[in-house]
Amino acid sequence: MDEMSPRVLRMFEELGKPELDLHELFEAGGNDPDARRAVFYAVENLVERGLLEERGNDFYALTDAGRAEAGKRREGPRRDG
């Protein structure tokens, strides 16, 4: 997974919303135009992979797979012992 995709997935938890519009997701890239472009490509990639669902009018929601992926990234690697 590219560097920006996990940041985009975390935005849903950070903002505490089930749906976010593209402008809210751009916050993952800050004010840098190149980073915002990377957010746009990450959103497209996440939709293609089934982790985000388009809801119309530039709104997106996590799918069940997206929530699972975001949870895995939040928990980090498991340690036995």
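This is a short talk about one predicted model of a single protein chain.

Hi everyone, thanks for having me. Let me begin with confidence, since we are looking at a prediction. The mean pLDDT of the chain is 89, and 88% of its residues reach 70 or more. Strand β3, residues 59-62, has the highest confidence, at 97, while helix α4, residues 64-75, has the lowest, at a mean of 83.

Now, the overall layout. You can pick out 4 helices and 3 strands, and if you walk along the sequence, the order is α-β-α-α-β-β-α. The chain has 81 residues, and buried ones make up 37% of them.

Let me zoom in on one residue, serine 5. You will find serine 5 in helix α1, which spans residues 4-15. Is serine 5 buried or exposed? Its relative accessibility is 0%, and the cut-off for buried is under 20%, so serine 5 counts as buried.

Who are its partners? Leaving aside residues up to four places away in sequence, serine 5 touches Ala42, Asn45 and Leu46. Glutamate 44 gives us a distance for that part of the chain: 39 residues separate serine 5 from glutamate 44 in sequence, yet their C-alpha atoms are 9.7 Å apart in space. There is also a side-chain partner, aspartate 2, joined to the side chain of serine 5 by a polar contact of 2.6 Å.

My last stop is the aromatic residues. The count here is 1 aromatic pair. That pair is phenylalanine 40 with tyrosine 41, with ring centres 5.8 Å apart and 65° between the planes. Why is the pair called edge-to-face? The angle is 65°, and planes over 60 degrees apart count as edge-to-face, so the label follows.

How accessible are these two residues? Phenylalanine 40 has a relative accessible area of 33%, so it is partly exposed.

To recap, then: serine 5 is buried, and phenylalanine 40 and tyrosine 41 form an edge-to-face pair.

How values were computed. Residues are numbered from 1 along each chain as its sequence is written. This is a predicted model: local features need pLDDT of at least 70, side-chain atom pairs count only at pLDDT 80 or more; totals for chains, interfaces and linings use all residues. Side-chain values use heavy atoms; hydrogens and water are left out. Helices (H or I, at least four residues) and strands (E, at least two) are DSSP runs, numbered from the N terminus. Buried means under 20% relative accessible area, exposed over 50%, partly exposed in between (1.4 Å probe, protein chains only). Contact means heavy atoms within 4.5 Å. A polar contact is a pair of N or O atoms within 3.5 Å; within protein, one must be able to donate a hydrogen and the other to accept it, and residues adjacent in sequence count only if both atoms are side-chain atoms. Rings of Phe, Tyr and Trp (its six-membered ring) pair if their centres lie within 6.5 Å; planes under 30 degrees apart count as stacked, over 60 as edge-to-face and the rest as tilted. pLDDT is the predictor's confidence in each residue, from 0 to 100.
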